[in-house]
Amino acid sequence: MTKAPLKVDRDQILAFRRRVQALDERLPMSARSLRVAAWAGIQDSMPRAAVLAIHARVAGTEPETWADPALAQIWGPRFSAFVVPAQDVPIFTVGRYPDDARGRRVAEDMAAKVADHLQGRRLTDRAISAATGLGNGMRYGTTTGTLRIRWEGARAPLVWTVPRPEISPLDARIELARRFLHVFGPSKEAAFAHWAGVGAAQGREAFDRLAGDRGGLVAVRTPIGDGWLLATDEVDMRAKPGPTAPARFLPSGDPFYMFWGADRELLVPDATRRAELWTSRVWPGALLVDGQISGVWRRAGPDVTIDPWRRMTASERLAVESDAATMPLPGLKRPIRVRWPD
């Protein structure tokens, strides 16, 4: 007999996601904690967004934590800059290798042209593009697993080559899907494909393989429809929510709100507020107060401007200001100051 879907509500899902992402209580600083924080990758397209995302999850984060040996930068999902666990780079690169012949030709051609030009050197992508005319197309070569980057934020990223990983594209993609479900679940094959930037058929195949691997998947019924959860996460999903953090600043593109479509409705039910968070241009940061997204924030130097979605109590304001003061931002000439609406 087929097992009935596990029914979960919004509060259960958000509590699960906060728990697995260490957003209720920061982890102690260690290589293991950094790997947990970057388990499904951290987008770093905005300068030092990854540092602030790590800071929301790991105590003792410093301005240069993004460069810790436990972490690495790559052109990750949708060819954006990502910080991922260093030992897991092949999962986030080879796992997105195209299945179609044309896509593979493009990936191999871009990687080969970059390697031929570099000849073991490290050059900026700008310099490579000027010499080869590849432009941003060189990023397609990252799915071969042979291109690496280091981006300081204010300058063009350095690019170099590494030996091709031994993992197969399918094995890497299955593990990438496993990580996606652990951090973003419950979810569907199409959402994974969109997030990873792979084809719909690749997303379905990865989920099909997960269904018969390591305990399989659990069917889940959510307020926005049916989805899947790793069977190994079912107990955690059923667990009662624990204490939430008073406040957390999540940067633009943070994994907690890296969603599209109906998944956004679950996270932010109010359509007006969704439009304020997921803008058509650069997303603002999300302000997490007592486990809920309660506003957006932007920063200019040491000044952090808050646009709250509800009236904050005095204790909540104090918690927000206290968390803001700990942001590990380099080069500030005065303490961080929070600006509230008049």
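S1 and strand S8 (residues 217-222) pair in the parallel sense, over two bridges. Within this pairing, Leu6 stands opposite Val220 in S8. The model is a predicted one. In general, the strands of a sheet pair through backbone hydrogen bonds, in either a parallel or an antiparallel sense. Here the sheet is open and has three strands in the order S1-S8-S9, with mixed pairing. Strand S1 (6-7) and strand S9 (225-230) are its edge strands, each pairing on one side only.

Next come two helices. The axes of helix H1 (residues 10-20) and helix H7 (residues 169-184) come within 8 Å and cross at roughly 120°. On the H1 side the contact involves Phe16, Arg17 and Val20, which meet His182, Val183 and Phe184 in H7. By class, the residues of this contact are four nonpolar, one polar and one charged.

H7 also takes part in the largest nonpolar core. That core has 44 residues, of which Phe192, Trp195, Tyr257, Leu267, Leu277 and Ile293 touch the most other members. Several elements each supply at least two residues of it, among them strand S3 (71-75), strand S4 (81-85), helix H4 (89-93), helix H8 (189-196) and helix H9 (200-211). H7 gives the most to this core, with eight residues. What does Phe192 contact, leaving aside its neighbours within four places in sequence? Phe192 is in contact with Arg173, Leu176, Ala177, Phe180, Val198, Gly203, Ala206 and Phe207. A second, separate core has 17 residues, including Leu52, Val304, Ile306 and Val320.

Two loop residues remain. Ser80 has its place in the loop between S3 and S4. Is Ser80 buried or exposed? Its relative accessible area is 17%, and since buried means under 20%, Ser80 is buried. Not counting residues up to four places away in sequence, Ser80 touches Gln43, Ser45, Ile74 and Trp75.

Gly133 lies in the loop between helix H6 (125-132) and strand S6 (147-150). With a relative accessible area of 61%, Gly133 is exposed, because exposed means over 50%. From Gly133 to Thr65 the separation is 68 residues in sequence and 34 Å in space, C-alpha to C-alpha.

Note on methods
Residues numbered from 1 in each chain as written. Predicted model: local features only at pLDDT ≥ 70, side-chain atom pairs only at ≥ 80, totals over all residues. Heavy atoms only, no water. Axes fitted to C-alpha atoms, helices over the stretch in contact; angles between N-to-C directions. Helix = DSSP H or I, 4+ residues; strand = E, 2+ residues; numbered from the N terminus. Contact = heavy atoms within 4.5 Å. Nonpolar A, V, L, I, M, F, W, Y, C, P; charged D, E, K, R; others polar. Core = buried A, V, L, I, M, F, W, Y, C linked by side-chain atoms within 4.5 Å. Buried < 20%, exposed > 50% of the residue type's maximum accessible area, 1.4 Å probe, protein only. Pairing = 2+ DSSP bridges.
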